[in-house]
Amino acid sequence: MRISKDPNPRNLRQWLWKWHVIAGLLCLPVMAMLCVTGSIYLFKDNYNDYRYQDARFVDVDSSISTASYQAQLETAQDFSDHPIMSVTLTTNERQATQFRQHAKAHARNLVYVNPYNNEVSGTFKQPESLMYTVRKLHGELLLGKVGTLVVELVASWFIVLAITGIYIWWPTRSFVDKRGSIQKGGLFTVRTKNGKRTFWRDMHSVLAFWMSIFMLIILAGGMPWTELFGDNLKWVQKQTDTGYPKHWRNAKGLSSKVTSEKQTPLALDKVIEIANDKNLEGTLTIKLPQDNKGVFSVSNRAFWLEQQQVLHIDQYSGELIKALTWQQVGILMELRQVFMRLHQGEYGIANLVAVLLVAMTFFVAILASLISYFLRKPKGELGLPKPPIGFQADKFVLIAIVILAVLFPAFAVSAALIFVLSLLLRPLRKSKFG
């Protein structure tokens, strides 16, 4: 690509419009599906609480004392065909105690125990649940790793779609009338009396522009789950020491002191007592030792990230082997977790409603863009806008493309393929592709 500077910004706008349409054709159908499935998945906890209420919730019986956590653990283990890996403590008196079984591929297979009668109230197998299917559809189109790559490709091109769309739409003289006043139509409002093409174009451009920044924030929260970008982000975190500190996610390398074969592990209630002394906020989960050298690992999921801690405790003596606080977590991991929580609407009802409104608004904008495209597309052609003859992108555009390619490998590969294909088809395209 020859580096030059076209003195006419209108030419750049026309050229970007072509790539805006290409990006739209590549990703909008999938983005529409992601908006719908993501909106549904926002209510996963509400749905699961309702669907599995007999297992998750119990009748309160204040006339009797609740069973010890150790007794409940033994009940869960006797019931389960697999080792119990962890226990999540109740946060109110109506909840059953949640025990997690060992399962393949990190699936959440749970056993619930009623603390009042120390009986199993039910089970939950994540792979068999509706919301698990919705999540798989949202994250990988039910196609496994291939689907994950497709979603990442679409998300990467959506960045291009948003950037080019903002530039193309950005208010110019066309939004100013003869008196110098800004026209609201097409800028803040949708024009309804100028024909179908104008209506659907405005419906797309107005809604998409005013929601684009919010949509990019939501998208940023989903990118860490992708295959290529996610792996690269983990690599950068490791190289810059800006991820989780060692032993935050697991206790590998830590061990309890074994002094004799007759040692017996502490009761689960004693470990909980030690953890409670630390005044941990939120929901407590305790990973259980899986052999005679293993440790108890206590973690809390709090509303605010800075309140989260991890404690590794000797299973025999109760000695605190290692304590970690959120202040030891690197900046990239902190930003990653903030955006991921925003993505899932976890910062309260306002966050959840905001994500839902943005997703649904973008869904409408996507439908409007597709209708607008088919209204203007010539029959039998792709209908790509034709850039000015001989136009060459300047160095700033080239730099932007390089930055996007470095950050988003899926975009880099696909853009390279499109560029090579365009060169191969150039002798045949003539006026059809502009």
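A residue is termed buried when its relative accessible area is under 20%, exposed when over 50%, and partly exposed in between.

**Figure 1. Overall view of the predicted model of the protein chain.** By this criterion, buried residues make up 42% of the 434 residues in the chain. The secondary structure consists of 13 helices and eight strands, and the C-alpha atoms occupy a box of roughly 85 × 45 × 40 Å along the principal axes. Of the contacts with a separation of 6 or more, 63% are between residues 24 or more positions apart. The chain exposes about 24,800 Å², of which carbon and sulfur atoms supply 59%. The chain carries 49 positive and 32 negative charges, whose mean positions lie 20 Å apart.

**Figure 2. Salt bridge between Lys136 and Glu140.** The structure contains eight salt bridges, and in this one the N to O distance is 3.6 Å. Both residues belong to helix H5 (residues 130-140); because they are four residues apart, about one helical turn separates them. Lys136 is partly exposed, at 22% relative accessible area, whereas Glu140 is buried, at 17%.

**Figure 3. Salt bridge between Asp202 and Arg191.** The side chains of these residues meet with an N to O distance of 2.7 Å. The pair links distant parts of the chain, 11 residues apart: Asp202 lies in helix H7 (residues 196-222), and Arg191 lies in the loop between helix H6 (144-169) and H7. Asp202 is buried, with a relative accessibility of 2%, while Arg191 is partly exposed, with a value of 27%.

**Figure 4. Salt bridge between Glu273 and Lys270.** The closest N and O atoms of this pair are 3.6 Å apart. Both residues are located in helix H9 (residues 268-276), where three residues, about one turn of the helix, separate them. Glu273 is partly exposed, at 44% relative accessibility; Lys270 is likewise partly exposed, at 38%.

**Figure 5. Salt-bridge network of Arg301, Arg341 and Glu346.**

Terms used. Residues are numbered from 1 along each chain as its sequence is written. This is a predicted model: local features need pLDDT of at least 70, side-chain atom pairs count only at pLDDT 80 or more; totals for chains, interfaces and linings use all residues. Side-chain values use heavy atoms; hydrogens and water are left out. Helices (H or I, at least four residues) and strands (E, at least two) are DSSP runs, numbered from the N terminus. Buried means under 20% relative accessible area, exposed over 50%, partly exposed in between (1.4 Å probe, protein chains only). Contact means heavy atoms within 4.5 Å. Accessible areas come from the Shrake-Rupley method with a 1.4 Å probe; for residues, only the protein chains shown count as cover. Lys and Arg count as positive and Asp and Glu as negative; His and the chain ends are not counted. The place of a charge is taken as NZ of Lys, CZ of Arg, CG of Asp or CD of Glu. A salt bridge is a side-chain nitrogen of Lys or Arg within 4 Å of a carboxyl oxygen of Asp or Glu.
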